Amino acid sequence: MPLYKSQNLKIYNTLSGEKEIFEPIHEGNVGMYVCGPTVYSNVHLGNVRTFMSFDVIFRYFLHLGYKTRYVRNITDAGHLTDDGNVENDRFVKQSRLEKLEPMEVVQKYTVDFHKVLEKFNFLAPTIEPTATGHIIEQIELIQKLIADGFAYETQGSVYFDVYEYNKKGLNYGELSNRNIDELFANTRDLDGQNEKKNPQDFALWKNASPVHIMRWNSPWGEGFPGWHLECTAMSTKYLGEHFDIHGGGMDLKFPHHECEVAQGKACNGITPVNIWMHTNMLTMNGLRMSKSTGNYILPMELLSGENTFFEKKFQPNVVRFCFLQAHYRSVLDISNEAMIASEKGLNRLLEGVKLIATIQPNTTSSFSVPDWIQSCYAAMNDDFNTPILIANLFEGIRYINLLNDNSASLTSEDLKLFIHSTNTFIFDVLGLKDEKGVENNNEKLEGVVNMLIGMRNEARGNKDFAMSDQIRNQLIALGIQLKDGKEGTTFSIQ
């Protein structure tokens with residue numbers, strides 16, 4: 001019997017504002033959609049935290065035996081910062097800044113995204129669709145919305161009619177608890193938005209100006225899709241008109257997810273999603289992370305130690321452990337002290353895992369392994385409460401130390417169950433891994449490369465430039481890039 005049969009999983013639903021018992025639409029199956037990255041720049045740590053939360057949720061569903069379809073999209077077109085100004089297209093702006101084609105920008109940062117998530121031991125989603133790969137589906141949805149009176153075309157652009165949506169007895173604002181009638185009463189037409197009937201209307205399709213690079217043919221002329229429609233098109237295609245879970249960062253709740261609710265209801269006549277899940281924000285040293293203030297760090301800068309905020313580099317495992325010590329709906333603050341404490345805590349946890357393998361069984365059990373296991377499930381079943389699960393795992397480490405000191409005992413059967421469950425929750429559910437061997441290998445690699453750098457410097461000092469170039473080129477062939485600077489030569493692994 002699958003584990004989910006005996007579980008009582010509760011999930012906090014943003015739509016209802018309450019924890020609800022999870023009842024899948026189709027027994028034994030879970031359909032989950034999570035808004036993925038907008039790939040016009042490097043993925044930031046806040047994104048990593050959000051995707052890590054859903055990685056654990058995905059892992060837990062798999063552990064419980066659910067057949068899980070996890071869809072996480074790539075936004076590679078149409079992400080406007082302002083519906084009224086197509087010049088705010090992030091891909092076009094970055095394309096001009098880097099002097100690259102928009103799809104070169106997309107490829108560059110999609111590769112970066114995957115590399116970063118691989119570092120943190122993420123499972124790949126079941127499907128990873130792109131916005132540009134679903135232009136036809138988006139056009140078809142727009143045509144349906146126009147035909148049903150929920151959208152209108154003007155000057156080659158198409159907008160969702162929020163006023164008409166509400167007039168038909170639907171409730172735009174239900175997800176974010178906004179009173180749209182009050183917004184209508186208290187707002188005026190905005191500059192640059194005179195195409196819209198109402199300021200609250202949002203773009204489904206935008207007419208492309210002659211200089212706009214990203215453009216597709218449509219019944220309304222050449223243009224490109226609005227941001228919000230892509231997720232409705234892709235989630236509907238791969239999960240159906242009604243599916244179990246939709247997730248993302250809390251910054252997406254309004255307007256992005258609010259628009260998705262409206263689009264789904266208008267297109268299909270039903271609420272598109274049973275449970276809406278939103279992760280909270282990541283701060284650093286008690287302050288919001290922002291490029292403009294300088295309180296900002298990229299994931300790879302944290303891992304490499306090339307930053308001014310942290311005293312050393314940290315393994316991805318440590319960062320993952322640090323992130324999971326906070327509940328996904330709580331604000332998480334990272335600092336040098338928090339990372340050092342997480343490193344110590346993780347080492348203690350992993351040392352306990354090693355120690356338990358050396359424990360010998362006894363004829364009696366002095367504590368209840370099933371009760372401890374149930375406490376671990378109770379934590380995860382309470383809205384995926386990873387901090388409580390980690391606290392229970394440390395309680396398990398306390399038991400291990402008692403067993404090692406012969407102050408406690410377990411039968412052979414209970415010991416096997418204890419070992420199996422400890423490994424399951426640490427490695428399978430939380431997605432942690434023992435990086436001691438990896439760390440040792442990295443130290444050995446660093447030593448060898450530094451030795452070769454020394455040999456290269458000696459060759460350069462002797463004007464043996466052929467040998468110097470040979471060492472550099474052979475390292476490049478192995479994916480190791482040397483960088484000569486005023487303070488010496490450093491290297492990075494590509």
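Taken over C-alpha atoms, the centres of domain 1 and domain 3 are 46 Å apart. This is a predicted model, where local features need pLDDT of at least 70, side-chain atom pairs count only at pLDDT 80 or more, and totals for chains, interfaces and linings use all residues. Residues are numbered from 1 along each chain as its sequence is written, and side-chain values use heavy atoms, with hydrogens and water left out.

**Exercise 1.** List the domains of the protein chain.

*Solution.* The assignment gives domain 1 (3-279), domain 2 (283-428) and domain 3 (441-493). Those bounds come from an automatic or database domain assignment.

**Exercise 2.** Work out how many cavities of 30 Å³ or more there are, and describe the lining of the largest cavity.

*Solution.* 
- Step 1, the rule: on a 1 Å grid over the protein atoms alone, a cavity is a set of points where a 1.4 Å probe fits but cannot get out, and lining residues have an atom within 4 Å of a point. Grid points are joined across faces, edges and corners, and the volume is the space filled by probe spheres set on the points.
- Step 2, the count: two cavities of 30 Å³ or more turn up, and the largest has a volume of about 90 Å³.
- Step 3, the lining: among its residues are Arg49, Met52, Phe323, His327 and Thr386. α1 (45-63) and α10 (316-324) are the elements giving two or more residues, and α1 gives the most, with five. Helices (H or I, at least four residues) and strands (E, at least two) are DSSP runs, numbered from the N terminus.
- Step 4, the domains: domain 1 and domain 2 each contribute at least three residues to this lining.

**Exercise 3.** Which elements each supply at least two residues of the lining of the second largest cavity?

*Solution.* 
- Step 1: this cavity has a volume of about 70 Å³.
- Step 2: the elements are α7 (229-239), β9 (243-249), α8 (253-268) and β10 (273-279). The largest share, three residues, comes from α7.
- Step 3: the residues lining the second largest cavity include Thr232, Glu241, His246, Glu260 and Trp276.

Technical notes
On a 1 Å grid over the protein atoms alone, a cavity is a set of points where a 1.4 Å probe fits but cannot get out, and a pocket is an open set with protein on both sides within 12 Å along at least five of seven lines; lining residues have an atom within 4 Å of a point.
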